[in-house]
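Subject: Structure for your files, with notes

Hello,

Here is the structure I said I would pass on. My notes follow below it.

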Amino acid sequence: MAEEVDLTDFDTDGRTTMTPLTEDLNRLHDRILETEPESRQKFLPKLNELIGRMHEAGQEVPAGIRDLHEDLTADAIEAQFDNLPV
């Protein structure tokens, strides 16, 4: 089961004129980039959730968020193949 990521402890970075959902995504994006690469996968479920909520709200997902999502998804897929017996 994926670890629940609590967004309440993230620092704000002065970004303005954004929706709360966009602010959540930006905080999560920053938090992921601050995390060691081998530990970033734990954030993928929360990132998926927030991107899904943006789509449901009819909002465009920022390019940096999309890129990070693609990278984490690719890493997750690669990790599955790394664990296959040969």
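How many residues does helix α2 have, and how far does α2 reach from its first C-alpha to its last? Helix α2, residues 44-56, has 13 residues and reaches 18 Å, close to the 18 Å expected at 1.5 Å a residue. The expected span is 1.5 Å times one less than the number of residues in the helix. Helices (H or I, at least four residues) and strands (E, at least two) are DSSP runs, numbered from the N terminus.

Before the rest, the ground rules. This is a predicted model, in which local features need pLDDT of at least 70 and side-chain atom pairs count only at pLDDT 80 or more, while totals for chains, interfaces and linings use all residues. Residues are numbered from 1 along each chain as its sequence is written, and side-chain values use heavy atoms, with hydrogens and water left out.

Overall

The chain has 3 helices and 0 strands, in the order α-α-α along the sequence. Of its 86 residues, 29% are buried; buried means under 20% relative accessible area, exposed over 50%, and partly exposed in between (1.4 Å probe, protein chains only). Among contacts with a separation of 6 or more, 49% are between residues 24 or more positions apart, a contact being heavy atoms within 4.5 Å. The chain exposes about 6,000 Å², and carbon and sulfur atoms supply 50% of that area. Accessible areas come from the Shrake-Rupley method with a 1.4 Å probe, and for residues only the protein chains shown count as cover.

Helix α2

The buried residues of α2 are Leu44, Lys46, Leu47, Leu50, Ile51 and Met54. They lie on the same side of α2 because they cover an arc of only 160° around the axis; the arc is that of the directions from the helix axis to the C-beta atoms. The cover over these buried residues includes α1 (20-34) and α3 (63-82). On the face turned away from the buried side, α2 carries the exposed residues His55 and Glu56. Just after α2, glycine 58 takes a positive phi of about 75°.

Helix α1 has 15 residues and reaches 21 Å from its first C-alpha to its last, close to the 21 Å expected at 1.5 Å a residue. Its buried residues are Leu21, Thr22, Asp24, Leu25, Asn26, Arg27, Leu28, His29 and Ile32. What covers them includes α2 and α3.

Glutamate 38 lies in the loop between α1 and α2 and is exposed, at 63% relative accessibility. The C-alpha atoms of glutamate 38 and aspartate 75 are 9.5 Å apart, although the two residues are 37 residues apart along the chain.

Salt bridges

A salt bridge here is a side-chain nitrogen of Lys or Arg within 4 Å of a carboxyl oxygen of Asp or Glu. By that rule there are 3 salt bridges.

One of them joins aspartate 24 and arginine 27, at 2.3 Å from N to O. These two residues are 3 residues apart in helix α1, so about one helical turn separates them. Both aspartate 24 and arginine 27 are buried.

Glutamate 49 and lysine 46 are 3 residues apart, about one turn of the helix. Glutamate 49 is partly exposed, with a relative accessible area of 37%, whereas lysine 46 counts as buried at 12%.

Glutamate 49 also meets arginine 53 in a salt bridge, at 3.7 Å from N to O. Arginine 53 and glutamate 49 are 4 residues apart in α2, again about one turn. Arginine 53 is partly exposed, with a relative accessible area of 35%. Salt bridges that share partners join Lys46, Glu49 and Arg53 into one network. An α-helix has 3.6 residues a turn, so residues three or four places apart point the same way.

Surface patch

Ile77, Phe81 and Leu84 make a nonpolar surface patch of about 320 Å². Patches are made of residues with over 30% relative accessible area and no salt bridge, with like charges joined within 9 Å and nonpolar side chains (Val, Leu, Ile, Met, Phe, Trp, Tyr) within 5 Å. Isoleucine 77 is found in helix α3 and counts as partly exposed, at 43% relative accessibility.

Regards
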